[in-house]
2 protein chains.
Amino acid sequence: MSAEIICVGTELLLGDIVNTNVQFLAKELANLGIPHYYQTVVGDNPTRLKEVINIASQRASILLFTGGLGPTPDDLTTETIAQYFDSPLVEKPEIIEDIQRKFQARGRQMNDNNRKQALIPKGATILPNPTGTAPGMIWEPQANLTLMTFPGVPSEMKRMWAETAVPHLKSQGYGKEIIFSRMLRFRGIGESALATKVNRFFDLTNPTVAPYASLGEVRLRISTKTTSETEANAIIQPVAQEIIKIAGGDYFGKDDDTLAEVVGQLLRDRQETIGVAESCTGGGLGAMLTDIAGSSDYFWGGIIAYDNRVKMSLLGVTSEALEVQGAVSNIVAEQMALGVKQRLNTSWGISLTGIAGPGGGTEMKPVGLVYIGIADPDHQVHSIKCTFGDRSRDIIRYLSSCTALDQLRRKLM
Amino acid sequence: MSAEIICVGTELLLGDIVNTNVQFLAKELANLGIPHYYQTVVGDNPTRLKEVINIASQRASILLFTGGLGPTPDDLTTETIAQYFDSPLVEKPEIIEDIQRKFQARGRQMNDNNRKQALIPKGATILPNPTGTAPGMIWEPQANLTLMTFPGVPSEMKRMWAETAVPHLKSQGYGKEIIFSRMLRFRGIGESALATKVNRFFDLTNPTVAPYASLGEVRLRISTKTTSETEANAIIQPVAQEIIKIAGGDYFGKDDDTLAEVVGQLLRDRQETIGVAESCTGGGLGAMLTDIAGSSDYFWGGIIAYDNRVKMSLLGVTSEALEVQGAVSNIVAEQMALGVKQRLNTSWGISLTGIAGPGGGTEMKPVGLVYIGIADPDHQVHSIKCTFGDRSRDIIRYLSSCTALDQLRRKLM
């Protein structure tokens, strides 16, 4: 009883996009304990897709398809599957209604091309797509063979997978023993430095502990395979607690926690508010803070002071500071932080000024130099200097915002 | 004469890593004009790998393998290929020497495990790996079938591809005709609506025209296979111009152009400046505009007015407007746009106020309702109402910023 993933799309053969869908589904299958041995990518071509179905249906009992469910003529996954299994297509009025409703909600007219999205093979069940217009299907065209189709748009596919496909698979008896994981997240420490601290946990076999590094963040995944969440917690929790204790302030959250959420929760607990003053990030820090639903509880707003005139007129940065120390300096970061706190009347003010590049760097102030200012509820102002190195503009901006949040987190704790 | 990509690695089946290798090779094959119709991923399992080789060698004449060339017992791509074609393995002393040299340079001792990396099938040629210890091979086990193997480490694979594989393929006569593409990008029109307008181009065979949709954007790719860029342009350009003419204002750029770049270039050409006033996007529009290096030429800054007190104190939004129409309304969007333009003294002011959700929606003002205000250099203010539907918070925020930029673009044109 194994699964197989089949991704349909000429754009994948042309290398236009990275196939993140297959990674997502692979991980999900692993978590559900459903083995899968092959992944195939094929273009929007009926003959070749039929050949792939022919091979896959002989060696697997669950076929997951992504892509080719759209309204255009080259979207032909559904009709090719139906042809292969010699089944007629039937129009589902509930799909037409659903598409019409979504078009209306966006103020658009449904088009004749969309009608073909309402066709599924006779006997198949609709796999609803809550967000997009392309539904998928669940179909057993023959004994011991289940097909599921998903659109290629990752956000739609993921939601359909979680809301309908997983419950269906579980109802079929899959996923009894599954892999439970807890991810611990760290900031302000490198992967090898953290690994040295927690080295002995890497030899554990149940749970296992494995490190992952991404931009500015290190994670440790603690995993165990078992039948119940209670049992999993009993195995994972003691190890997690020990590691968190060892890591101290560098540990900031678990699983899907984000820095913005953690900071937001700390502010909410303290009933304090914050405003941002941004130069090099141009609004990115505010965007990160307001990514969190309910952030209006503590985030009041900010001033994007990209031009020095705005730094002076709206944040009270002095022309002397700009002339003597320059816009990228401790003093300007501090004036910005205090300025936005006073202007918005918030508990905290946090500021960023730096050189995101690729141009604008000098020997004294190279690309990647960023100052972070923090004004606290007692009107004390501090600033720190960060050097992110000669990296790309978007990485420097991203790391700047993350580091500002992390600095604030440490002050709030 | 088509190619096929076979990626070997259980880590790909577990979803531990994204398969960027296959995207790289896919793009390279497309550029060389070598068609490829299938990509397969298989685990470190000899039986299944042989099955994949069996299928692929019947339908393609070039097989590119990545992964499974390392020193550990589960690395078995080379020996499985040799077994499939019933060829003995021979030890290559030059590989042993190369590995020894690399180990010495890193101050390490070569291990017995590494000896197996020196084994390749009789008759195969070494595909040198300048940076790692795992070399690949180029082998013609039978007429009209060329195999190439690469390690799974992307940086090693890419260098081996560029330095040895591509010259070899060119010497075999590949890459004389390559695929040239032009991507046309559209906003403010759905995929099916655009498809209806340009339907007749989809039947063309040279160049071909194919649609792609992503969040809030539709793209058309015009492609041709030819020997020179000049000739490609002569084939692509007339079709591109016709489509651009038909699409009118919905066309915004080509290839890698972004809305923020296009808007920035229009502002720069007109020597005008802009400021942003953001509520629901919390800085995302400013971040998008300042994504572009050199945006300080026209972007001065903005005010993030998340809380109504900030809307009033810094943007001059009236309490009457807030009470009577509410923060999410035409009038508040217009007051915000005008407010930021006046406050920052910029040519243009652009504002966003809306309900990003998931909470905060009402029947009259549902989640996804967003108003965009634009104040122009003549102090005229306009606003438009957008309904993005009940989608996720991040998508609503992203589409809000994109639509604001697109509205500004249309006014600037």
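How many bridges join strand β15 (residues 348-354) of chain B to β16(B)? The answer is 6, and the two strands run antiparallel. The views below start with the whole model and return to this pair.

**View 1. The predicted model and its confidence.** This is a predicted model, in which local features need pLDDT of at least 70, side-chain atom pairs count only at pLDDT 80 or more, and totals for chains, interfaces and linings use all residues. Residues are numbered from 1 along each chain as its sequence is written, while chains are lettered from A and ligands numbered from 1 in the order in which they are written. pLDDT is the predictor's confidence in each residue, from 0 to 100. Chain A averages a pLDDT of 94. In that chain, 100% of the residues score at least 70. For the complex, the predictor gives an ipTM of 0.80 and a pTM of 0.80.

**View 2. Chain A as a whole.** The C-alpha trace of chain A spans about 80 × 55 × 40 Å along its principal axes. Its secondary structure comes to 14 helices and 17 strands. Helices (H or I, at least four residues) and strands (E, at least two) are DSSP runs, numbered from the N terminus. An automatic or database domain assignment sets the domain bounds. For chain A these are domain 1 (3-171), domain 2 (179-254) and domain 3 (259-412). The C-alpha centres of domain 1 and domain 3 of chain A lie 45 Å apart. Of the 413 residues in chain A, 47% are buried. A residue is buried if 20 or more other C-beta atoms lie within 10 Å of its own, exposed if 12 or fewer, and partly exposed in between, with C-beta atoms placed from the backbone.

**View 3. Where chain A meets chain B.** The contact takes 68 residues from chain A and 67 residues from chain B. Two residues are in contact if their C-beta atoms, placed from the backbone, lie within 7 Å. On the side of chain B that touches chain A, 34 residues are nonpolar, 23 polar and 10 charged. Here Ala, Val, Leu, Ile, Met, Phe, Trp, Tyr, Cys and Pro count as nonpolar, Asp, Glu, Lys and Arg as charged, and the others, Gly among them, as polar. Strand β2 (residues 36-42) of chain A and strand β2 (residues 36-42) of chain B run antiparallel, joined by 5 bridges. Two strands pair if DSSP finds at least two bridges between them. A:Gln39 has B:Val41 in β2(B) as its bridge partner.

**View 4. Two nonpolar cores.** A nonpolar core is a set of buried Ala, Val, Leu, Ile, Met, Phe, Trp, Tyr and Cys residues joined through C-beta atoms within 7 Å. The largest has 147 residues. Those with the most contacts inside it are A:Ala305, A:Met336, A:Ala337, B:Ala305, B:Met336 and B:Ala337. A second, separate core has 80 residues, including A:Val8, A:Trp161, A:Leu169 and B:Leu64.

**View 5. Around B:Met336.** Neighbours within four places in sequence are left aside here. B:Met336 is then in contact with B:Ala277, B:Ala305, B:Lys311, B:Leu315, B:Val317, B:Ser351, B:Thr353 and B:Gly373.

View 6. Strand β16 (residues 369-375) of chain B is largely enclosed by the rest of the structure, because 7 of its 7 residues are buried. B:Leu369, B:Tyr371, B:Gly373 and B:Ala375 point one way, and B:Val370, B:Ile372 and B:Ile374 the other. β16(B) and β17(B) form a hairpin with 5 residues between them. In the turn, B:His379 has a positive phi of about 65 degrees.

**View 7. Helix α9 of chain B and the strands around β9.** In helix α9 (residues 259-269) of chain B, the buried residues are B:Leu259, B:Ala260, B:Val262, B:Val263, B:Gly264 and B:Leu267. They pack against β9 (178-187), β12 (251-254), β13 (274-278), α10 (284-290) and α14 (393-412) of chain B. B:Gln271 follows the helix, with a positive phi near 50 degrees. β9(B) runs antiparallel to strand β11 (residues 217-226) of chain B, over 10 bridges. B:Arg187 stands opposite B:Glu217 in β11(B). β9(B) also pairs with β12(B) in the antiparallel sense, over 3 bridges.
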